[in-house]
Amino acid sequence: MHKMLKEIYEQPSVMKRCFESNVEIIRLIARNVKDRNINNIIFVARGSSDNAATFGKYIIEILSGIPAGLAAPSVASLYKKNLQLEKTCVIGVSQPGQSEDICSFLDMAKANGAMTIAITNNPSSKLSLIAEYKLNMNVGIEEAVAATKSFTAEIVLLELFAAFLAEDDKLVFDLSNIENIFEEVLGKEEIIRENIERFRYMNECFILGRGVSFPVALEFALKIQETSYVRAKGFSTSDFRHGPLAMIDKNIPVFIIAPVDETIEDNIEIAERLTKEGIDIITFSDSDKLNKKACKYVEIKKDLNKFIKPLFVIPLIQLFSYYLCVLKGNNPDKPRHLSKVTITK
C-alpha cells in the first residue's frame, strides 16, 4: 500500500487524537484572545497549510466576527519590515514547522506585540519554539510528500478554535465525534475507484467552491497538481465569473464542491451555465438539484452541521487525487521535483 493511501486511512484515529490532545489548550487560547481584546487574526503559511489557513480565515470570521487575513511571509523574511501588531493574534501553520519565512514572520510578530500561535506536527520545531502557544497536530509522522492527515488536522484545529471563539458548544461537540464522520466517508472509497477511469487522460480541470468550501477546492487542485501533474485550477465560484470563465472548454471538466449552505444557489447557477455550454461537471454535494446536473457526483451526508460538511469532503478529494495519480502511473509518495519539507526564505 502506498504511504499516501495509508495516511488517508489513518485519519479517523489520528483526528480523534488530534482533537483530544488539543481541546483544552485551544479553549484556553480562545479565552485569552478575549481577555486580551484581540481584534484581528493573521495567518502565515505556505502550500497545503496556506489552504488550511484560508479555511481558518473564513470559519473564524463567520463564527466569531473577528477579522482574519493571510500574511505575506516575505514582508518579514526578505523585506525585513516590522508591522504594527498590537491586539493581533498571528498564527503560523506548518506541518514541519521549519520554513524560514514562516518562522521569520512569527518572530517579527512576537517582537511587535502580537499574540503568537504555532500549529505544527513537531512540538520541537523552530516555529513551535518561537510561539507563545503551541498546538501539536499529533498525527504521527507523515511520510508521503502530499499532505493528507496533516492538512485535515490543521482544518480540525482551526475550526475548533473558531468554535470556542464563538462559544458554539454544538460545533465543539460535533468535532469531538469527527472519528465517526471520517469512518463513514472512507466507506465511499469504492465510489471514487469505480468512477476514476473517466479521468485517465484529463490534463486540465477547474475546481470550484465558495465560502468555507473554497479552501477545500484549492487543496483539491493542489493535490491533483502535485500527484498527477494535471493543470488543476482552483477558484471561488464567484471569482470564476470574473475572467476565468472565458477559459472553459468542452474538454476541460469542472469539479464543484458544494455542500448545502448559504452558497448553494450560487453553485447551482454556475452549474446550469456550464451544462448549457456542454461542460462536464462533477459535484461533491448533498443538493439533489445540483447533483442531477452532474455527469458524476459524490454525495455528501445530508444531516451534518454545515461547518462539518467540508471535513466530510476532504478525504473524498484526497482519495480521488490518490487514485487518479495511480491510474496515470505516477508514484503518489514521491512526486517529481518535490520533497516533504520545503524550506522557503
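I'll start with a lining. The residues around the largest cavity divide into eight nonpolar, one polar and one charged. In that count, Ala, Val, Leu, Ile, Met, Phe, Trp, Tyr, Cys and Pro are nonpolar, Asp, Glu, Lys and Arg are charged, and the others, Gly among them, are polar.

Before going on, a word on the source. This is a predicted model, in which local features need pLDDT of at least 70 and side-chain atom pairs count only at pLDDT 80 or more, while totals for chains, interfaces and linings use all residues. Residues are numbered from 1 along each chain as its sequence is written, and side-chain values use heavy atoms, with hydrogens and water left out.

Back to the cavity. A search of the whole structure finds one cavity of 30 Å³ or more, and the largest cavity holds about 80 Å³ of space. A cavity here is a set of points, on a 1 Å grid over the protein atoms alone, where a 1.4 Å probe fits but cannot get out; lining residues have an atom within 4 Å of a point. Grid points are joined across faces, edges and corners, and the volume is the space filled by probe spheres set on the points.

Which residues line the largest cavity? They are Ile-191, Ile-192, Asn-195, Phe-199, Ile-282, Phe-284, Lys-296, Tyr-297, Val-298 and Phe-320. Helix α10 (189-195) and strands β9 (281-285) and β10 (296-299) each supply at least two residues of that lining. Helices (H or I, at least four residues) and strands (E, at least two) are DSSP runs, numbered from the N terminus.

β9 and β10 take us to a sheet. It is open, has five strands in the order β7-β6-β8-β9-β10, and its pairing is parallel. Its edge strands are β7 (231-236) and β10, each pairing on one side only. The twist averages 15 degrees from one strand to the next; axes are lines fitted to C-alpha atoms, and angles run from 0 to 180 degrees between N-to-C directions. Two strands pair if DSSP finds at least two bridges between them. Strand β8 (residues 254-258) and β9 run parallel and are joined by five bridges. Within β9, Val-254 has Ile-281 as its bridge partner, and Ile-256 stands opposite Thr-283.

Is β9 enclosed or open to the outside? Five of its five residues are buried, so β9 is largely enclosed by the rest of the structure. Buried means under 20% relative accessible area, exposed over 50%, and partly exposed in between, with a 1.4 Å probe and protein chains only. In a regular strand the side chains alternate between the two faces of the sheet. In β9, Ile-281, Thr-283 and Ser-285 are on one side and Ile-282 and Phe-284 on the other, and all are buried.

Now the other sheet on my list. Five strands form an open sheet with parallel pairing, in the order β2-β1-β3-β4-β5. β2 (68-70) and β5 (133-136) are the edge strands, and each pairs on one side only. Here the twist averages 20 degrees from one strand to the next. Strand β1 (residues 40-45) is joined to β2 by three bridges, with Ile-42 opposite Gly-69. β1 also pairs with β3, over six bridges, and Ala-45 stands opposite Val-93 there. On to β4 (residues 115-120): β3 pairs with β4 over five bridges, with Gly-92 opposite Ala-118. Six of the six residues of β3 are buried, so β3 is largely enclosed by the rest of the structure.

Next, helix α15 (residues 309-327). Its 19 residues reach 28 Å from first C-alpha to last, close to the 27 Å expected at 1.5 Å a residue; the expected span is 1.5 Å times one less than the number of residues. Of the 19 residues in α15, 18 are buried. Just after α15, Gly-329 takes a positive phi of about 85 degrees. Asp-333 lies in the segment after α15 and counts as buried at 11% relative accessibility.

Last, two backbone points. Most residues other than glycine have a negative phi. Lys-80 has a positive phi, near 55 degrees, and sits in the loop between α4 (74-77) and β3 (88-93). Lys-80 counts as exposed, at 62% relative accessibility. Asn-138 has a positive phi near 60 degrees, in the loop between β5 and α7 (149-165). At 25% relative accessibility, Asn-138 counts as partly exposed.

Technical notes
On a 1 Å grid over the protein atoms alone, a cavity is a set of points where a 1.4 Å probe fits but cannot get out, and a pocket is an open set with protein on both sides within 12 Å along at least five of seven lines; lining residues have an atom within 4 Å of a point.
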